[in-house]
Amino acid sequence: MAAQTEKMAVPTDAELLKAQADLWRHTLCYLTPMALRCAVELGIPTAIHGLGGTASPTDLIAALSLPPSKLSFLGRLLYQLATAGVFDTTDAGTTYRLNPISYLLVDGVHIDGDACQTAIVRVASSRYYVEAAFGLADWFRKDFDGPVPSPFEDLHGATIFDDSMALLDPEMDKLVHEAKASHNHMGIGLVLRQCHDLFQGLESLTDLCGGDGTTARAIVRAYPQIKCTVLDLPKVIDKAPTEGVVKYVAGDIFHVVPPAQAVLLKSVLHLWSDEDCIKILAQCKKAIPPRGAGGKVIVIDIVLSSASGLMLETHHLVDMLKLVMTRGRQRDEKDWSDIFMKAGFSEYKISKKVGARAVIEVYP
């Protein structure tokens, strides 16, 4: 017998009107990141900070040397961003003040590593990212031979964090690396403060794709007994500081991982396919001692379905970003368990949730 097709009830007038308004919101919500990019490029958060944390549109017109004829337009931009939660507003939109979101967009503010996240806004709203997203329908229709490239790779012929990106646009490549660094550095102080058992007893640690060593130096400051090594690509290591606190090694995470008691993978594995993650984790397993000698891999990344509400929406938006830009993805706990076991590990535990990400300890 053929399966019965359930008939959808005809929406009520009220439901249709609400649906239309919701459709407007979903269709037009791309304007919020564009407005946010505009605010970053004009330097509005930094200007408000310089004016004591609160400013009116008139104050900002003067501080930013914008034409007075743009006053009412600036007010509309600020009000939209306040509605989206980027700024707080007082006196019915006559003044605006920084909140935690806009504080992250103030140049020169350093808390918990390099707090400023403006590079992330500029990268995510860049024409390269937006054009790749525009091409999603065409990408879905294509039948590729061999490994499936990301929509970004297919459209631009380049891969982010790869030399091909530098050949495509050197300035964009530099901005992508800045965005990655600010994304990775944010939150390590919180991990160190709230996950005391994570680093207790460790004598050595290798930070894979650790960039300029900001995370490794923070670990050494909190736990001076830990000898930290950073592994990253040669073009990254060439620009690393030479303060002597952290050892820097140029290399490839697929070929060799410097031996240590623990290996840290902070916001790394979501850039790679399951097959590549298994290869990376297998190299990590070779680099660490048995569990009885303290060996473990520390993964800091998103675990899908571990949140609700706006945080769950954020998780899946980041997953869509990975779909568009990389061959990687975000994973739920079962996905993580599968790649850990296939890489030869015996056990794992989710130790702590830190904002949008989780701290996972993986044991050989």
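User: What makes the nonpolar surface patch, and which residues belong to the patch?

Analyst: In this predicted model, local features need pLDDT of at least 70, side-chain atom pairs count only at pLDDT 80 or more, and totals for chains, interfaces and linings use all residues. Residues are numbered from 1 along each chain as its sequence is written, and side-chain values use heavy atoms, with hydrogens and water left out. Trp24, Leu28, Tyr30, Leu31 and Met34 make the patch, of about 530 Å². A patch takes residues with over 30% relative accessible area and no salt bridge, and nonpolar side chains are joined within 5 Å.

User: Why is Met34 called partly exposed?

Analyst: Its relative accessible area is 32%. Buried means under 20%, exposed over 50%, and partly exposed in between (1.4 Å probe, protein chains only); Met34 is therefore partly exposed. Met34 is found in helix α2.

User: What makes His270 count as buried?

Analyst: The relative accessibility of His270 is 6%, which is under the 20% limit. His270 lies in the loop between β7 (262-266) and α17 (274-287).

User: How do you know that the side chains of His270 and Gln330 form a polar contact?

Analyst: They are joined at 3.4 Å. The definition asks for a pair of N or O atoms within 3.5 Å, where, within protein, one must be able to donate a hydrogen and the other to accept it, and residues adjacent in sequence count only if both atoms are side-chain atoms.

User: What makes β2 and β3 a pair?

Analyst: Four bridges link β2 and β3 (residues 95-98) in the antiparallel sense, and pairing requires that DSSP finds at least two.

Key:
Helices (H or I, at least four residues) and strands (E, at least two) are DSSP runs, numbered from the N terminus. Patches are made of residues with over 30% relative accessible area and no salt bridge: like charges are joined within 9 Å, nonpolar side chains (Val, Leu, Ile, Met, Phe, Trp, Tyr) within 5 Å. Accessible areas come from the Shrake-Rupley method with a 1.4 Å probe; for residues, only the protein chains shown count as cover. A salt bridge is a side-chain nitrogen of Lys or Arg within 4 Å of a carboxyl oxygen of Asp or Glu.
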